[in-house]
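Here are my notes on this model, as numbered points.

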Amino acid sequence: MTISPSIMTTYGRIDIAFTHGEGSFLVAEDGKKYLDYASGIAVNAFGHCHPKLVEALQDQASKLWHTSNLYRILEQETVAEKLVANSCADRVFFCNSGAEATEGAVKVARRYAWANGEKERTEIICATGAFHGRTLAMLAANDRPLFREGFGPSAQGFTHVEWGDIESLKQVIGKHVAAILVEPVQGEGGARKAPEGYLKLLNDIAKENGSLLISDEVQIGMGRSGTLFAYQKEDIEPDIIALAKGLGGGFPVGAVMAKAEVGDAMVPGTHGSTFGGNPLAMRSANAVLELLLENDFLSNLRKMIVYFDKKMDELIKNDMRINPIIFAKKGSGMLRGLQLIEDVNAGDFGNIAREKGLLLVGAAENTIRLLPPLNTSKEEVDNAFDILNDIVLELKKT
Ligand SMILES: *Cc1c(COP(=O)(O)O)cnc(C)c1O
């Protein structure tokens, strides 16, 4: 079967269609079962069809789907209060995707400066390797010149500094800077964890300069770091946080979270979203938050992360014995990567993994990303690493 020509060709799709999913597994049309360690690119935080998520959506589906933000949405207030109670933020705006969350975050930062009478403070500092989404403005925030090609003039007001290099930030920081926008762990950029102390320094410099810090936690947020938010591991308090991917556990939902003073720069009419925070999305997000916050889930997850890390070390140790193909262990929490040597293509690695029933996803820097569901079991982890060991052995031979 070939892909329908009615689909716009924005993706180079793999010719597999899944018919259903259960937990960490996906089943394709031909009945083949896959261990899904791509999780829809860090979206299915609790795997597929988690009973609690199914129940929440089914219940809401029979009551009320959409009303609009013209009215109070009680489910939205519940989720916002949970996010606020468990973070440094005080205000939440709901949207439907990651790019809307990062772009909304930039709007909030600029508007806050403007509301304080600092009309010239508009610049947003981003890092090399950054990925913040695909809207026209976020194309300028990304460090992906190819993504901008053919799309006309770039949005103004975005500067890039060398990821991990404070000196390069010091050269461009100034009173014109509204915010520093950073991913605590770069996902698309190659599962790159910020160097030790980097985020703290960014935060200090932002604050000394009267600029805001925006933590783009679209991929690493909602537990994937091992804490509810990635910034919580760093002894900092960002002024704005962007969320999406895992937040709805598979239902499209994003959020912009902000400190009170910053969020209050947004007054009626300054921003909006027709669908943002509708009851279905909010019931999904609420169920995800309950799963993350109850029954010691996060402390158990941290133990699994330690185990996962140990398995990565073992894999690399085995690989190192002869003709290593793994160049580096990358990432953090449950956003991990294996950077491969130049001669071995991460795409080929992913293809072999898929043939062997393991779904992974590529990233920049010839890195293959591992994004397991956060509730994956020890057996599944062992199973995945058996397959990874096989692939590494196989690739050595060729
Ligand atoms: C995926 C991603 C985005 C964009 O999210 P979309 O839902 O695809 O718009 C933004 N920032 C980061 C860090 C991401 O990983």
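1. Met304, Tyr307, Phe308, Lys311, Met312, Leu315, Asn318 and Asp319 of α11 contact Lys378, Val381, Asp382, Phe385, Leu388, Asn389, Val392 and Lys396 of α13. Contact means heavy atoms within 4.5 Å. By class, this contact has 9 nonpolar, 2 polar and 5 charged residues. Ala, Val, Leu, Ile, Met, Phe, Trp, Tyr, Cys and Pro count as nonpolar, Asp, Glu, Lys and Arg as charged, and the others, Gly among them, as polar.

2. The model is predicted: local features need pLDDT of at least 70, side-chain atom pairs count only at pLDDT 80 or more, and totals for chains, interfaces and linings use all residues. Residues are numbered from 1 along each chain as its sequence is written, and side-chain values use heavy atoms, with hydrogens and water left out.

3. Helix α11 (residues 297–320) packs on helix α13 (residues 378–397) at about 20°, with the axes 10 Å apart. The two are therefore roughly parallel (angles under 35 degrees). Axes are lines fitted to C-alpha atoms, for helices over the stretch in contact, and angles run from 0 to 180 degrees between N-to-C directions. Helices are DSSP runs (H or I, at least four residues), numbered from the N terminus.

4. The axes of α2 (residues 51–61) and α10 (residues 279–293) come within 9 Å and cross at roughly 155°. That makes α2 roughly antiparallel to α10 (angles over 145 degrees).

5. Now the ligand. A backbone N or O atom of Gly98 lies 2.8 Å from a ligand oxygen atom. For Ala99, a backbone N or O atom lies 2.7 Å from a ligand oxygen atom. Gln219 places a polar side-chain atom 2.7 Å from an oxygen atom of the ligand.

Key
Angles under 35 degrees count as roughly parallel, over 145 as roughly antiparallel, 65 to 115 as roughly perpendicular and the rest as oblique. A polar contact is a pair of N or O atoms within 3.5 Å; within protein, one must be able to donate a hydrogen and the other to accept it, and residues adjacent in sequence count only if both atoms are side-chain atoms.
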